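This report describes the structure shown below.

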Amino acid sequence: MVEIEKLVADTHSFFMNGNTITYEFRQKQLMTLKQMLKDNESKIYRALKNDLNKSKQDSLTTEIGFLYTEIDFALKNLRNWMTPEKVPAPMTHKGTQNFIFKEPYGVTLIISPWNYPLQLAIGPAIGAIAAGNCVIVKPSEHAAATSTLLAEMIADYFDQSYFSVIEGEQEVTQALLKQRFDYIFFTGSTNVGKIVMRAASEYLTPVTLELGGKSPAIVDMDANINLAAKRIVWGKFTNAGQTCVAPDYVYVHEKVKFKLLKAMKKYIRTFYGRNPLKNDNFTRIINEKHFDRLTSFLIKGSILHGGNVDRESLMIEPTILDYISWEDPIMQDEIFGPILPIISFTNLEDALYKIKLGEKPLALYYFGDDYKTQQQVIEYVSFGGGSINDTLYHLANPHLPFGGVGASGMGAYHGKYSFDTFSHSKSILKQTTKFDIPFRYPGNKINEKLV
Ligand code: NAD
């Protein structure tokens, strides 16, 4: 506790001294961050393998490569983002110049989960650094190898009072949340998001909450079924379904259900082999607690594909569950694992209405060819973000904000949105001293006429 208090106090002092304000400082830190990742690539691969059995390809594309893209994008645009934005003014403001000045908040706390333990700890930090803040990261204790490596790397490459990592269980997070921060960026479950928001209210600290939810993949009658199956299988089983925006369940038109299931089975075999439990490139479940939670879902419904599990290695095969109802336990909360329930519909409007009755999803995927229907889905249902005729891909475009709405979160980041998230937009009006328009003052002619 004393250690946490001292670190937070030192970090506040570092910020107060104005160290982080210049373009040159921020640019240098971003370059150092990239170098840190480059120098430690093999250690990162090993840590992700230890924590989740992530393959090298998955670690490169969804963790390290993603961060390189974000850092390069920030470096390329930083000067532009930092330049105060000139805005127009009404006639009453003649002689003034008006700007929006992006100001760093100060000391930011980033709390991250275990599913993409590197990307979700460093990704927000890129925005915080670019915007001129100091950073303290609290990684998830459940991805222990990555957490330890993060702490070591960041201590090696950065001034501890500027950018540091605090490791530990949830008690450590709770101790951190008692401190005063200028911004809190949380990624994790909706329940813990509420704890974070409650704690933040003590000092009226602004928050971004990147949470979860049940993200549907809707497959309509006119969809390209083969591509829908391929992209859903990829989106669902990447990282063994432990992705916040993974399609949680498939909601398919009755008329194309059989064809879709057949194609999905084909792609599961193509991507993960006939025995995924022996596939060394298939991600495992993070721990026994989640393994037991997930395997308990296999009791209800009918296993159409997969269903084999191995508790020793914490592996669950990509599994399709048919004959599931909305009342079954698997449909009550986010699944966050490689089990894909199938529910069918006969009328799209009813299906959309059913989704609207639940909490707002973090993502929604619609597969269908008709432009008007695509627009109807986008306009009619509220969700964080999504893709039409694809899954997950929207989150890898740095020009798109990534975040939830309602129970799936608040605020957004990636690309410039990360910079904006970690910046206060300060309004500045510079008044002329060459003249002074009298109408606002008491006693001038306009006021007399009004009287
Ligand atoms: P979690 O909420 O259990 O944990 C997240 C962080 O909070 C961890 O660092 C943990 O140490 C801390 N924590 C846990 N319990 C706490 C408590 N009682 N008090 C204070 N701190 C506590 O989430 P998780 O299991 O690590 O991650 C899975 C969840 O995160 C899923 O719901 C998933 O959808 C969500 N998620 C969201 C995104 C996104 O970008 N929206 C990304 C990844 C994961």
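This is a predicted model: local features need pLDDT of at least 70, side-chain atom pairs count only at pLDDT 80 or more; totals for chains, interfaces and linings use all residues.

## Domain arrangement

The chain is divided into two parts, domain 1 (1-211 + 408-428) and domain 2 (216-395). Taken over C-alpha atoms, the centres of domain 1 and domain 2 are separated by 31 Å.

Contact between the domains involves 12 residues from domain 1 and 14 residues from domain 2. On the side of domain 1 that touches domain 2, three residues are nonpolar, seven are polar and two are charged.

## Packing of helices H2 and H5

Two packed helices are described by the angle between their axes and the distance between the axes. For helix H2 (residues 23-39) and helix H5 (residues 119-130), the axes come within 9 Å and cross at roughly 160°. Because angles over 145 degrees count as roughly antiparallel, H2 is roughly antiparallel to H5.

Arg-26, Gln-29, Leu-30 and Leu-33 form the H2 side of the contact, while Ile-126, Ile-129 and Ala-130 form the H5 side. The residues of this contact of H2 with H5 comprise five nonpolar, one polar and one charged.

## Residues with positive phi

Leu-314 is not a glycine, yet its phi is positive, at about 60°. Leu-314 is located in the loop between strand S11 (309-310) and strand S12 (315-316). A residue is buried if 20 or more other C-beta atoms lie within 10 Å of its own, and exposed if 12 or fewer do; Leu-314 has 19 C-beta neighbours inside 10 Å and therefore counts as partly exposed.

Tyr-323, also a residue other than glycine, has a positive phi near 55°. Tyr-323 lies in the loop that runs between strand S13 (319-322) and strand S14 (339-345). With 13 other C-beta atoms within 10 Å, Tyr-323 is partly exposed.

Methods: Residues are numbered from 1 along each chain as its sequence is written. Domain bounds come from an automatic or database domain assignment. Two residues are in contact if their C-beta atoms, placed from the backbone, lie within 7 Å. Ala, Val, Leu, Ile, Met, Phe, Trp, Tyr, Cys and Pro count as nonpolar, Asp, Glu, Lys and Arg as charged, and the others, Gly among them, as polar. Helices (H or I, at least four residues) and strands (E, at least two) are DSSP runs, numbered from the N terminus. Axes are lines fitted to C-alpha atoms, for helices over the stretch in contact, and angles run from 0 to 180 degrees between N-to-C directions. Angles under 35 degrees count as roughly parallel, over 145 as roughly antiparallel, 65 to 115 as roughly perpendicular and the rest as oblique.
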